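Here are my notes on the model, as numbered points. Please read them with the coordinates open.

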Amino acid sequence: MKKISRRQFICGGAACLSAAIASQGFGPIGPGICEAAAVKDIRGKVFKGDAPKKLWKWSREGFLYKKLKNAKVVCGICPNRCILAPGDRSVCRSKVNMNGKLYSLTYGNPCAVNTDPIEKKPLFHFKPRIKAFSLATTGCNFRCLNCQNWEISQARPDEVAPYMRELFPADVVAAAQKAGARSIAYTYSEPITFFEYMIDTARLAGEAGIYNLWISNAYINPKPLLALCKVLDAATLNIKSYDDRIYRQLNGGRLKPVLNTFKTLHDQGIHFEMINLVVPGYTDKEDMVKAMCGWILDNIGPDYPLHFLRFFPRYKLDRLPPTPVSALTRYRELALQQGLHYAYVGNVARHAGNNTYCHNCKRMLIERQGYFIPTYNLVGSHCKFCDTRIPGVWHEATSDVTGKVPL
Ligand code: SF4
């Protein structure tokens with residue numbers, strides 16, 4: 001009989017165990033699953049020879065990359081660590097190797113620009129009702145089957161040229177000020193892929209007294225993350241699932257770097273909120289929600305809000321039904337029962353889980369109707385009823401948030 005190594009034996013055992021668990025309708029949980037487990041990984045690939053013939057006005061040399069032999073380069077921004085030969089385009093489609101140097105192609109060239117209420121991000125515990133001047137370029141380092149913005153996230157810059165605008169960092173700050181926005185949100189697609197543009201803009205915005213908000217899949221390497229933390233005021237970060245296999249199958253990423261990002265922001269004292277899109281058949285599992293909440297409590301504590309968002313059929317999962325509202329209600333209850341202080345239901349209008357309730361006295365602090373806030377019961381950063389400090393970054397004056405005037 002053919003001998004197998006100890007490693008093969010261990011991997012084989014894990015694969016069998018994985019299969020056995022999966023056959024009961026529950027995938028293995030957490031990072032570090034053995035590679036031998038049969039999982040379809042949809043991670044993106046480098047586009048060989050797909051770079052444009054020459055650079056353009058919105059090209060900038062990339063930050064944090066290394067030159068390798070034979071004029072190849074490796075990007076250090078995200079865990080994909082794209083290795084590009086001259087003429088290649090990155091997984092995120094927005095970086096290329098031109099003559100042995102790495103270039104970003106989207107610097108100062110957003111394809112989506114809007115002024116949104118901050119609640120839309122969603123950020124519920126950071127300066128309610130301020131405007132967020134929001135922008136995105138093309139590109140993403142993931143391949144989510146359910147992407148809501150695939151027209152821009154899974155496109156090359158030249159494919160959406162009619163929608164592009166020229167806004168260099170100083171122009172973004174000026175445009176935000178003109179729009180009366182107290183914050184700039186890097187959002188819609190994946191800002192990690194326009195890291196150079198984001199961080200240069202964020203530095204200028206910070207100097208101008210504008211808050212910087214990062215809406216992201218959190219799939220970033222430690223070094224750029226620490227650089228970003230220096231200019232960041234708040235973030236909304238996805239936790240797509242608490243299952244490394246689902247990360248590979250549904251998103252084309254891995255779980256562990258995402259969890260590391262949460263721990264780093266926690267260590268750096270930056271307010272963030274987590275979003276978990278509940279995708280039927282993929283991430284709608286009570287045990288997974290419990291394990292995710294357990295990790296949150298053990299590693300970053302109970303004070304970071306967690307939003308359970310309703311899925312709607314999109315992109316490659318357009319035949320799935322929307323998430324039942326009852327499932328979202330249940331997961332929010334589970335999160336609160338386990339000890340998280342703030343859990344929300346999103347993408348469901350007028351659900352009680354849209355509102356904020358004091359984690360101590362349970363009275364309603366903030367009532368939300370869409371992006372309106374008809375009721376606001378904080379005094380500074382404290383509950384009006386029991387004086388408990390509410391985690392987050394709040395206005396000093398209640399008058400900043402009361403009123404029913406649309407933003
Ligand atoms: S940011 Fe883009 S180019 Fe850099 S490693 Fe990630 S996917 Fe590759």
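1. Strand 1 and strand 6 (residues 101–104) pair in the antiparallel sense over two bridges; strands here are DSSP runs of E of at least two residues, helices are runs of H or I of at least four residues, and both are numbered from the N terminus. Two strands count as paired if DSSP finds at least two bridges between them. E61 stands opposite Y103 in strand 6. The sheet is open, has three strands in the order 1-6-5, and its pairing is antiparallel. Its edge strands, each pairing on one side only, are strand 1 (60–61) and strand 5 (95–98).

2. On provenance: this is a predicted model, in which local features need pLDDT of at least 70 and side-chain atom pairs count only at pLDDT 80 or more, while totals for chains, interfaces and linings use all residues. Residues are numbered from 1 along each chain as its sequence is written.

3. N70, in the loop between strand 2 (65–67) and strand 3 (73–75), has a positive phi of about 60 degrees. N70 counts as exposed because it has 7 C-beta neighbours inside 10 Å; the cut-offs are 12 or fewer other C-beta atoms within 10 Å for exposed, 20 or more for buried, and partly exposed in between, with C-beta atoms placed from the backbone. R93 has a positive phi near 70 degrees and is found in the loop between strand 4 (83–84) and strand 5. R93 is buried, with 24 other C-beta atoms within 10 Å.

4. The peptide bond between K121 and P122 is cis, with omega about -10 degrees. P122 sits in the loop between strand 7 (112–117) and strand 8 (131–136).

5. What surrounds the ligand? The shell has 13 residues, the closest being C75, C78, C82, S90 and C92; a residue is near a molecule if its C-beta atom, placed from the backbone, lies within 6 Å of it. By class, the shell holds seven nonpolar, four polar and two charged residues. Nonpolar means Ala, Val, Leu, Ile, Met, Phe, Trp, Tyr, Cys and Pro, charged means Asp, Glu, Lys and Arg, and the others, Gly among them, are polar.

6. Helix 6 (residues 244–251) is mostly covered, with six of its eight residues buried. These are D244, R245, I246, Y247, L250 and N251. After helix 6 comes G252, which has a positive phi near 75 degrees.
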